[in-house]
Amino acid sequence: MTDSQVPPAVLEQRLGLPIEPLLLERALTHRSFSYENGNVPTNERLEFLGDSVLGLVVTSTLYETHPDLPEGQLAKFRSHVVNSRALADVARDLGLGAFLRLGKGEEATGGRDKSSILADTMEALIGAVYLDHDLDAAAALIHRLFDALIEASAGLGAGLDWKTSLQELTAEHSLGVPAYVVTEDGPDHDKYFAARVRVAEREYPHGRGRSKKVAEQIAAEHAYRAIRSVHGSVKAEPDAEKA
């Protein structure tokens, strides 16, 4: 039994399969909990394993379902699915935050909804399923949770790079060049960046992330979606090999 707010059996029901109790407990244990409770095992090794299993299944799926696409575009599709933001979104859909074992400090600072913690725990759960069952079971879970993202990635085109998407969309509709302003806060070991983008004198919701690049991409996505809803989408996709 974990120290989380909701019984782990509820999570197993949502996942659609049981996980050995001690393995599940470890998958849900953040390092902050370990530090405050006698250095109990954390989920970091399971996260490492789950990252590889997820990458293999997603890569294999993209390879099989898009036989005519070049390596560069397949890599972009994969990066849309296998990234911290996507993993955190899947974790939120599962309500994973309620099951986390966190230290009091992380609990007090909103750790149950931190994208980095949710993403890492999602990978740890995949690793736990792989160890407790097998690759087929892990792949079935990944397909159930991630297939919608995999399918959506192929339809995004330039949206795999939101800054490029936004620049092409604004050029198409003569809205000028997007202008970004990035600020940072927090100590060096826990720094966050916030980015805002302005297009044609209008500012859109900010993006926030662990790096300037991530923050700008999130801000660009907000602007892209808002502008597209008014003006329509880009007419042509960029070169698949373009960086």
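This is a predicted model: local features need pLDDT of at least 70, side-chain atom pairs count only at pLDDT 80 or more; totals for chains, interfaces and linings use all residues.
The largest cavity holds about 50 Å³ of space. Its lining is made up of H30, R31, N43, E44, E47, I117, D120 and T121. Helix 4 and helix 8 (115-132) are the elements that each give two or more residues to this lining. Helix 8 supplies the largest share, with 3 residues. Sorted by class, the residues lining the largest cavity comprise 4 charged, 3 polar and 1 nonpolar; charged residues among them include R31 and D120, and I117 is the nonpolar member.

Helix 4 spans residues 44-65 and also contains T61. The relative accessibility of T61 is 12%, and this residue is therefore classed as buried, the cut-off for that class being under 20%. When residues up to four places away in sequence are set aside, T61 is in contact with H143 and I150.

Aromatic rings were examined across the whole structure, and 1 aromatic pair was found. Such a pair is described by the distance of the ring centres and the angle of the planes. An interaction between a charge and a ring was also identified: the charged end of K163 is placed over the ring of Y180. The distance from the charged end of K163 to the centre of the Y180 ring is 4.7 Å, against a limit of within 6 Å for a charge to be counted as sitting over a ring.

Notes:
Residues are numbered from 1 along each chain as its sequence is written. Side-chain values use heavy atoms; hydrogens and water are left out. Rings of Phe, Tyr and Trp (its six-membered ring) pair if their centres lie within 6.5 Å; planes under 30 degrees apart count as stacked, over 60 as edge-to-face and the rest as tilted. A charge sits over a ring if NZ of Lys or CZ of Arg is within 6 Å of the ring centre and within 35 degrees of the ring normal. Helices (H or I, at least four residues) and strands (E, at least two) are DSSP runs, numbered from the N terminus. Buried means under 20% relative accessible area, exposed over 50%, partly exposed in between (1.4 Å probe, protein chains only). Contact means heavy atoms within 4.5 Å. On a 1 Å grid over the protein atoms alone, a cavity is a set of points where a 1.4 Å probe fits but cannot get out, and a pocket is an open set with protein on both sides within 12 Å along at least five of seven lines; lining residues have an atom within 4 Å of a point. Grid points are joined across faces, edges and corners, and a volume is the space filled by probe spheres set on the points.
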